[in-house]
Amino acid sequence: MTTTEISPSAPLDGTTTERVKGGGNLGRYILVRLLLIIPTVFILVTMVFILMRLIGDPITASLGGRLSPDQLEERKEAAGYNRPIWVQYVEYIGQVFTGNFGTTISDNRPVSEVLLTYGGATAELVFYSLIVAFVVGIPLGLLAAYLRDRWQDASLRVFAILCYATPVFFSGLLLKLVFSVWLGWLPVSGRASTRTELDLLLLDNPTGIYLIDAFRTGDMDNVWDVLAHAVLPAIALGLLTAGVFLRLVRTNVIGTLGREYIDSARSRGVGELRLVRKHAYKPALIPIITVIGLQIALLLGGAVLTETTFEWKGLGFILVEYLSSRDFVAVQGIVALLAVIVAVSNFIVDIIAALIDPRVRY
Amino acid sequence: MSRLAKGEQAARIEDLEVTFATDSGDVRAVDGVSLHVAAGEVLAVVGESGSGKTVTAKTILGLLPETATTSGAVFIGQENIVQVSGERLRQLRGTSVAMVFQEPSTALNPVFTVGWQIAEGLRAHGNYSNGELREKSIDILRKVGIPDPEHRVDHYPHQFSGGQKQRIVIAMALVLDPELIVADEPTTALDVTVQAEILDLLRRLRDEFNAGILLITHNMGVVADLADRVAVMYQGEVVEQATATELFANPQNDYTKRLLAAVPYIGAGREAARARAVERDKVNAEPVVVARGLEIVYPGRFGRGGFRAVAGVDFEIGPREVLGLVGESGSGKTTIGRAIGGLTRVTGGSLMVLGTEFNGAKESDIRPLRKDIGFVFQDPATSFNPLLTIAEAIAEPLVVHSEAANPDDARARVNQLLEAVQLPIGFGDRFPHELSGGQRQRASLARALALRPKLLIADEPTSALDVSVQARVLELFAELQHEFGFAALFISHDLAVVDMLADRIAVLYKGELVEEGTGEQVLGAPQHPYTKRLLASLPVPDPIEQGKRREELRLLREAP
Amino acid sequence: MAATPVVVNPKGSLWSRLPLVKQLAQSVGLQRGMLVAGLVLVALFLLTAALAPLLAPYGFAQLRDESGRFGSQQPPSAEHLFGTTVSGYDVLSRTIWGAQTAVLVIVVAVTMSLIIGVLLGVFSGYFGGTLDRILVVVCDAIYAFPSLLLAIVMSIVISGGQSSLLGGIMSAAISITVVFIPQYFRVVRAETVRIKAEAFVESAKVIGASNMRIMFRHVLRNATRTLPLILTLNASEAILTLAGLGFVGFGIEPTSAAEWGYDLNRSIADVSSGIWWTALYPGLAIVLVVLGITLVGESLNDLADPRLRTRHRAIASPAAAATANEVDELEKPE
């Protein structure tokens, strides 16, 4: 963005060689980045607010037709939707920053409680999927770059395209059909079987992360049960992202292999495999990490669909439920939270990229 | 130390042919080339772009892309590189033959420390402990003249200056002690004072390490400075081979003669400059450009201070006068040119151009002046809109200033301009990418002169061109200046080029003007130590003369 | 090297200047195979959409013919090659009609987002300033947001969820448009900022050309060279978003149009009881169309990038682009 300001005669070859990493420290850099995500979160939350209010107030949207006009007015009055829109907006923003997302209309629960209850499930699913995506996507991407333009590379690329050309709900359904219904190897849906869920419910302070809770029950059957339920959803969602990773790693590594410093290393006798794995991989990793940050959004969108497919009771599953009951207070809360998660994960990714790239001066 | 004794053969190329498959059919890049290099010897391969010299160099290391087909033989020791297996080729790379690249900033991997990169070469050819690797890396860095190597070994490439980076690239080549080092334009990306230091280092490699060096270059001065023998390449063939002294004193081939004649040398333009000065004295008019205490600061990113590119500079350009502005990278010369062209804001002092103060001027104040100012950019490849024909591009200023309704309407004038810059009229219908660099730069001159400007700014207009093309463009520039009578600011890093054209020369160093005067004054009897050093660093195309100058430079460096 | 634009040879015959023909001629080996496969899939998709009324045995919302109701969840048979759905529609017919819906949505969504995104991008990138900064922050925020969620929210805003054929298609298309505008904006803006610093734009500036003239004569066409590639990639994303919307119940009513995502949503329960035909065919349709478009897009992308392009006789070497400069040099005239 700032290249236009740099003069062609900027000091390229000054005698100032002591340009050691400095002028600040990592802590300050993190702080600056952290401050920069506030406007992003602010814009997203505002956007969600504006969009959701364009269709009128949530009470009418949810209960219109079922209540008499008088009753509606009464409910609106009670919930404060009759006040000027900017008052509601300021109040909403204030609440969001204190973690209060309002109360759902359909089942009258605090949205923050909904988020806590279902957030763990989504986090667990996203975590498993990321493991699948990294384990499949990155090594195969390196392999495709190493064998570029051979048939193996072409097959890997078609595999990658198939991964992200297949909607997760379709791959989910296929996996279910084959491995659960026909072969009967894995459970059809849910996060755990009823017996295990009962065990988990008996724990004090359940974390909501089933794997952790299952270990805490001390019963390995529970652990296996939880893992068996996670396999298919994790593969469905993980492959989607793996396809993106594979393509990204391949393109960036091939791009880096065209750089002169690779020829320079090659001219000193460094082997081809090492050129890919070491010399090209690390420089290619920096743009890859940045793009991976943007994939978090894809992953969360995919999570909504995966959870619906596998009746995985997470934020996405509950979001679709609230959508069909037209409970827009709940929808607004969940969407706002997801926006915050995206902004925060992008921030973490930025920090990781900065730690890897020696040229970034904090 | 090389395993070979001095004079023993390090590499031999026999009847090499290289053909590339391109979209427009096969292209023969190297056509029957035979060369040999001995240990302790520098063989320079000279040629212009497209001569096949770089392809020849890359063949020696087996670095050609798969689109190339090679025949003939390249012997390193007893082995023919063209035929050995991939694994054997890998073993030979680095240990028998190593390469120094043109652009040190792209030849170093930005995300690894220089020590790690030096060690990579060692790791590829043997087992060393980490301690040994580090010790060897530090040792070699010290040998190539990196100060404080124990500490610097852990630094990343971006923490070194351009000259230091090239030293590190050389260190990486040297650490495996190869018999042959292929240096592909090793000083082209560097400033002339840094170039002199790198050439000294390469000389030491030959004398102290007994390495054979195959030096690829287009610069005759560099050849005269370093080469023992010279091979001249033209269109894929070696047209002449001789010892350096012999070649410069008594060139045989016509192409070699033309090439040597095209090299600009200091003092070439004195005569013409004197004649112009006499003519100019007859008319006494207001200067076209006046700078007083001119200061230009580039704004820094938030929190950081700005960069002061020009720090209080005074100069004037009279009507019909050519001011040559010389300096190395970072001297601020381009910034001054851009400021006069209204492309960069003036932040301090005064800059009067054609009677208008530019400090604090708005775009609307500058726009009326635009038709009186022509600009020729450095890179002919990017200064034309790729989607417009040459005629449309040259007509653009005429259309913008309503001297023609549309490009077709301007065609008659465009044809005159094409003739003036000695381009065939038919070239007007071509697209920029269909012209060579020299042709594009002529078209660029035609566009700049379309409105008969009073002032022309030429920012390194020939630095991207081959030397023979450069000579013709410079000649054309002088003719046009005489004919059109514009004042000019001619910016260059090359003292000899500036001396050919300029009436007066101004030397910039780190944003300050250190010396100004006629070519005779500045280059004949330089006063400022920087000017002296700059002048002494410029290699002249004559090995014997260059030997003497090298000695002078050494004395200058040693002087406090 | 990257800055040197690849220009279609203006002297070539009209045929060779047509888009795709040049790339097809340029491509080699596996790269050509991928491009051809993609083109075939896309052609099949477009033909199916255009000829849907002729190809489909029944209407998309047809539940009965002369011989009575189709019946629910009937396995594939002679009358219903792909079987029937839980609501009693013919799966084959709905799969074919679905192509038409998909084409309509893609065309509307991509066209709208292209025009708005490109104009915003050029203006914002060229003029810079406060408006530019605001647009960048807003677009970055939207870009980072899960596109499906945004499309859902948009579709609620536009149509309250579900609606008729035209309304449904428009609301789906507009929802997708909003998601894609930032993508075009970012690409075009970045290109504009880069091109603005190029010597040919600066030379237009020193000539004295007005901002509008520079923007439209010099910047716009140069900044939009890469768009055909993004366009193909976006088209496939549009299909996936449309299907996603349908899957969560914010697509188009089954009686208004056939939509693959909706049909898949209805088949979740079928799969658990082993009924495979209701899910398989609409799902395969999505996969094949997206695969086809993506293959075309990626092949074009590779061909346009000298580092990724295979040339003839090139077989499997990471070094292939190492001396591209050298070759370019040789290609120059004089």
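How many aromatic pairs does the structure hold over all chains? I note at the outset that this is a predicted model. I looked up the total, and the structure holds 15 aromatic pairs over all chains.

**Entry on aromatic pairs**

I began with Phe134(A) and Phe245(A), which form a tilted aromatic pair, 5.1 Å centre to centre with 55 degrees between the planes.

Next I turned to Phe169(A) and Phe247(C), an aromatic pair that is stacked, with 4.1 Å centre to centre and 10 degrees between the planes. This pair crosses between chains: Phe169(A) lies in helix H7 (residues 168-182) of chain A, and Phe247(C) lies in helix H11 (residues 227-247) of chain C. I checked the cover of each partner. Phe169(A) counts as buried because its relative accessibility is 1%, and Phe247(C) counts as buried because its value is 0%.

I reminded myself that a pair of aromatic rings is described by the distance of the centres and the angle of the planes.

**Entry on charges over rings**

I looked up two cases of a charge and a ring. In chain A, the charged end of Lys176(A) sits over the ring of Phe310(A), 5.7 Å from the ring centre. In chain B, Arg447(B) lies over the face of Phe384(B), at 4.3 Å from the ring centre.

**Entry on the nonpolar patch of chain C**

Which residues form a nonpolar patch on the surface? I listed Ile115(C), Ile116(C), Leu119(C), Leu120(C), Phe123(C), Phe127(C), Met212(C) and Phe216(C), which together have about 690 Å² of accessible area. Helix H5 (91-127) and helix H10 (211-223) of chain C are the elements that give two or more residues to this patch. H5(C) gives the most, with six residues.

I followed Phe127(C), which lies in helix H5 of chain C. Phe127(C) counts as partly exposed because its relative accessible area is 43%. I also noted that ring pairs link Phe127(C) with Phe123(C), Tyr126(C) and Phe216(C) into a cluster.

**Entry on strands of chain B**

I found an open sheet of four strands in chain B, with the order S12-S11-S14-S15 and antiparallel pairing. Strand S12 (307-317) and strand S15 (356-357) stand at the edges; each has a single partner strand, so one side of each is left without a neighbour in the sheet. Strand S14 (residues 348-353) pairs with S15(B) in the antiparallel sense over two bridges. Glu357(B) in S15(B) is the bridge partner of Met352(B).

I then examined strand S8 (residues 212-217) of chain B, where six of six residues are buried. Both faces of S8(B) are covered, with Gly212(B), Leu214(B) and Ile216(B) on one side and Ile213(B), Leu215(B) and Thr217(B) on the other. Strand S3 (residues 42-46) of chain B runs parallel to S8(B) and is joined to S8(B) by five bridges, with Val45(B) opposite Ile216(B). Strand S7 (residues 180-184) of chain B is likewise parallel to S8(B) and joined by five bridges, with Leu180(B) opposite Gly212(B).

Key:
Residues numbered from 1 in each chain as written. Chains lettered and ligands numbered in written order. Predicted model: local features only at pLDDT ≥ 70, side-chain atom pairs only at ≥ 80, totals over all residues. Heavy atoms only, no water. Phe/Tyr/Trp six-rings, centres within 6.5 Å; stacked < 30°, edge-to-face > 60°. Buried < 20%, exposed > 50% of the residue type's maximum accessible area, 1.4 Å probe, protein only. Lys NZ or Arg CZ within 6 Å of the ring centre and 35° of its normal. Patch = residues over 30% accessible without salt bridge, like charges linked within 9 Å, V, L, I, M, F, W, Y side chains within 5 Å. Areas by Shrake-Rupley, 256 points an atom, 1.4 Å probe, with all protein chains shown as cover. Salt bridge = Lys/Arg side-chain N within 4 Å of Asp/Glu carboxyl O. Pairing = 2+ DSSP bridges.
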